[in-house]
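Hi there,

Here is the structure I promised to pass on to you. Have a look at it first, and then read on for what turned up in it.

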Amino acid sequence: MIEAFSKGGFSALGKIAIERLQANGIDGADIVQICCNNGQELLSTKELGAKRLVGIDGTEGFVVQGRELAAAAGIEAEFIASNIYELPDRYQEKFDIALVTIGVLSWMPELVRFFEIAAGLLRPGGLLLIHEQHPVIEMMEPGGKDDPVKFEISYFDETAYVDANGLDYYGGETYDATPNNSFIHKMSDVIMAGLGVGMAIQHFEELPDHISNTWYNVEASGIGMPMSYVLEFRKS
Ligand SMILES: C[S@@+](CC[C@H](N)C(=O)[O-])C[C@H]1O[C@@H](n2cnc3c(N)ncnc32)[C@H](O)[C@@H]1O
């Protein structure tokens, strides 16, 4: 990936994220990505005209990778190693767009607090853009494309799932990580958490697109399950 970034013009953003960022005026915008991992998506917003780039991730190793990628690409970006729940106040109301992409919300133990923090980063009129995996697919057993689709857990199960592994997108290797709890946050919980902190929904779309690296069986089955969504909140 470092090679791809060093050549310039590389984008790790998918078509939908690009469309939504452009529709929401990424050109000239100050953007923060919450739980940015190694910053590959954040850095890709530069090509779309983003002005100030800030990435926050709780894993020091990913933040270091983000800085390396930024240096290789010659892009000015700030990477902050911080638990999102412990973010310093100096980032309050500094951004036009806050971006959250695949694989973030399920790691958040306190959804309302998460939305409070996300909204706090935005200037008045700012946008929280979420492009996430649809929680309904968490009900299914993950599998290869030839594996049958089986129901595994209830959509209404509030028990935390403990994961002790991490994936290094940069080197493509797995690594030992501090055990993390993940949750099925129902679609209604996500929507109500955003509304509950005073933001307004400006766009919501459930999509058939498979954006994880897990549910190939559900995708291949063609049963028409929503696999991802875009949800946009506007701060007043
Ligand atoms: C699946 S990744 C998101 C990846 C991103 N969509 C991408 O493609 O690069 C989730 C990230 O959330 C970070 N994370 C999880 N819990 C966090 C927390 N409480 N505070 C900050 N970062 C957190 C992890 O370190 C990880 O990099």
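Let me begin with a definition: two strands pair if DSSP finds at least two bridges between them. Helices (H or I, at least four residues) and strands (E, at least two) are themselves DSSP runs, numbered from the N terminus. This is a predicted model, in which local features need pLDDT of at least 70 and side-chain atom pairs count only at pLDDT 80 or more, while totals for chains, interfaces and linings use all residues. Residues are numbered from 1 along each chain as its sequence is written.

**The sheet**

In strand 5, L129 is the bridge partner of L99. Strand 4 (residues 95-101) and strand 5 (residues 122-133) run parallel and are joined by 6 bridges. What is the order of the strands in the open sheet? The order is 3-2-1-4-5-9-8, 7 strands with mixed pairing. Strand 3 and strand 8 (200-207) are at the edges with a single partner strand each, so one side of each has no neighbour in the sheet.

**Helix 4**

Helix 4 (residues 60-73) packs on the sheet and touches strand 2 and strand 3. Its direction makes about 170 degrees with that of strand 3 (axes are lines fitted to C-alpha atoms, for helices over the stretch in contact, and angles run from 0 to 180 degrees between N-to-C directions). Contact here means that the C-beta atoms of two residues, placed from the backbone, lie within 7 Å.

Which residues of helix 4 are buried? They are F62, V63, Q65, G66, L69, A70 and A73. A residue counts as buried if 20 or more other C-beta atoms lie within 10 Å of its own, as exposed if 12 or fewer do, and as partly exposed in between, with C-beta atoms placed from the backbone. Seen down the axis of helix 4, these buried residues fall within an arc of 160 degrees, so they line one face of the helix (the arc is that of the directions from the helix axis to the C-beta atoms). Their cover includes helix 1 (2-7), helix 3 (40-44), strand 2 (53-57) and strand 3 (78-81). Just after helix 4, G74 takes a positive phi of about 70 degrees.

Leaving aside neighbours within four places in sequence, I34 is in contact with I56, I84, A98, V100, V104 and A118. G222 sits in the loop between helix 7 (216-221) and strand 9 (228-234). Is G222 buried or exposed? G222 is exposed, because 8 other C-beta atoms lie within 10 Å.

Enjoy exploring!
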